[in-house]
Amino acid sequence: MRATTIHAPRDIRVSDVPDPKITAPTDAVIKVTAGCICGSDLWPYRGENDIDAGSTIGHECVGVIEEVGAEVTSFKPGDFVIVPFDHCDNTCAHCRAGMQAACENLGFTASGQAEYALVTQAEGSLVKTDGMPDASMIPSLLTLSDVMATGWHAAVAAGVREGGTAVVVGDGAVGLCGVLAAATMGAEKVIAMSRHEPRQAIARQFGATHVVAERGDEGAELVREITGGVGGDAVLECVGNDAAMKQAFAVARPGSTVGFVGVPHDVELPIRRMFQKNIGLAGGMAPVRQYLPELLKLVQDGAINPGLVFDRTLPLEQVAEGYRAMDEREAIKILIQP
């Protein structure tokens with residue numbers, strides 16, 4: 001099959017690689033209808049994560065089941081499914097506690113930017129739609145494989161509540177989905193910290209009541225002004241670097257929680273501020289399967305349209321251009337069509 005492969009920093013290619021095969025009874029092979037580039041894919045692209053030269057890359061996709069293993073009984077070839085990036089059996093103790101991201105049989109999508117992808121725990125992971133969805137719904141359904149569920153997880157972890165104030169640090173696709181999650185959960189004020197006008201516009205479409213472009217002490221002071229000198233009741237950290245984490249804690253009110261979902265890189269927690277102000281930290285890798293049924297219903301009912309985070313679509317053969325555009329912040333999120 002044709003698949004996106006990474007060979008070195010900023011060296012993305014489309015290569016011929018072996019088709020995924022059923023090797024365990026819990027497996028399923030998916031013919032990818034749509035995949036996409038994630039902000040977290042940019043860490044290895046920039047050389048900030050280790051690279052296994054020639055390996056496939058891409059963990060977000062939706063598609064049609066091609067083949068299933070013997071223990072996959074709820075799905076059949078031809079079913080259209082959403083593929084959580086983190087696979088789970090959905091039956092182990094951690095899954096039953098709602099933490100599918102720590103499943104005892106955890107797996108990951110490894111070729112979402114390709115013609116086919118393997119799901120290692122298909123019975124527990126996949127969620128199907130009623131027939132083939134309309135093409136207009138594909139972008140929103142694709143976000144449910146990661147970024148919408150991850151933004152939702154940030155809001156849950158931060159304790160967003162109806163009538164409260166939420167501050168979102170980060171204006172990538174996850175941050176924008178965090179804005180949408182906070183607004184959907186009923187936050188009265190949703191403050192998006194964003195310096196980029198196209199992203200600010202989507203944030204407002206998603207329910208942001210305020211946008212703060214400033215950073216550091218100035219940004220924190222503006223958030224305090226908006227919140228009557230208090231700070232955010234819930235803060236969503238959706239980047240993963242040290243500056244974003246410090247910003248999140250700077251805008252958090254005493255007794256609040258920072259919900260973090262940005263993959264951490266060189267982050268040092270402000271422990272003294274956390275101690276003095278009783279500010280908590282919660283979150284991590286999103287248990288996508290936990291949120292999928294609720295999010296799917298919201299999409300199908302037209303209550304949310306997270307697919308707006310995609311501002312460009314490219315064929316698989318042009319995926320390298322997609323990485324370049326996202327790396328240089330010319331695009332928010334790029335949908336890839338095999």
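Arg10 is partly exposed, at a relative accessible area of 47%; here buried denotes under 20% relative accessible area, exposed over 50%, and partly exposed the range in between, with a 1.4 Å probe and protein chains only. The model is predicted, so that local features need pLDDT of at least 70 and side-chain atom pairs count only at pLDDT 80 or more, while totals for chains, interfaces and linings use all residues. Residues are numbered from 1 along each chain as its sequence is written, and side-chain values use heavy atoms, with hydrogens and water left out.

The side chain of Arg10 meets that of Asp327 in a salt bridge, with 2.8 Å from N to O; the term requires a side-chain nitrogen of Lys or Arg within 4 Å of a carboxyl oxygen of Asp or Glu. This pair links distant parts of the chain, since Arg10 sits in the loop between S1 and S2 and Asp327 in helix H12, 317 residues apart. Helices (H or I, at least four residues) and strands (E, at least two) are DSSP runs, numbered from the N terminus. In contrast to the partly exposed Arg10, Asp327 is buried, with a relative accessible area of 14%.

Six bridges join strand S1 (residues 2–8) to S2 in the antiparallel sense, and Val14 in S2 is the bridge partner of Thr4. Contact means heavy atoms within 4.5 Å; axes are lines fitted to C-alpha atoms, for helices over the stretch in contact, and angles run from 0 to 180 degrees between N-to-C directions.

The structure holds 19 salt bridges. One of them joins Glu321 and Arg312 at 3.7 Å, N to O. Glu321 counts as partly exposed at 31% relative accessibility, and Arg312 likewise at 27%. Both residues take part in a network of salt bridges that links Arg312, Glu321, Arg324, Glu328 and Glu330. Another salt bridge pairs Asp233 with Arg253, whose closest N and O atoms are 2.9 Å apart. Asp233 lies in strand S14 (residues 232–237) and Arg253 in strand S15 (residues 252–260), so the pair ties together parts 20 residues apart in sequence. Asp233 is buried at a relative accessible area of 16%, whereas Arg253 is partly exposed at 31%.

Strands S14 and S15 belong to an open sheet of six strands, in the order S13-S12-S11-S14-S15-S16, with parallel pairing. Because strand S13 (210–212) and strand S16 (280–283) stand at the edges, each with a single partner strand, one side of each is left without a neighbour in the sheet. From one strand to the next, the twist averages 20°. S12 and S13 run parallel and are joined by three bridges, with Val212 in S13 as the bridge partner of Met193. Helix H9 (residues 242–251) packs on the sheet, touching strand S11 (165–169), S12, S14, S15 and S16, and its direction makes about 145° with that of S15.

Ser194 lies in the loop between strand S12 (189–193) and helix H7 (197–205), and is buried at 1% relative accessibility. Its side chain is joined to that of Asp171 by a polar contact of 2.6 Å. A polar contact is a pair of N or O atoms within 3.5 Å; within protein, one must be able to donate a hydrogen and the other to accept it, and residues adjacent in sequence count only if both atoms are side-chain atoms.

In soluble globular proteins, nonpolar side chains tend to be buried together. The largest nonpolar core has 54 residues, of which Leu144, Met148, Trp152, Val160, Leu236 and Leu295 touch the most other members. Helix H6 (residues 173–184) supplies the largest share of this core, eight residues. A second, separate core of 19 residues includes Ala220, Ile226, Val251 and Ile279. Such a core is a set of buried Ala, Val, Leu, Ile, Met, Phe, Trp, Tyr and Cys residues joined through side-chain atoms within 4.5 Å.

Definitions and conventions:
Pairing = 2+ DSSP bridges.
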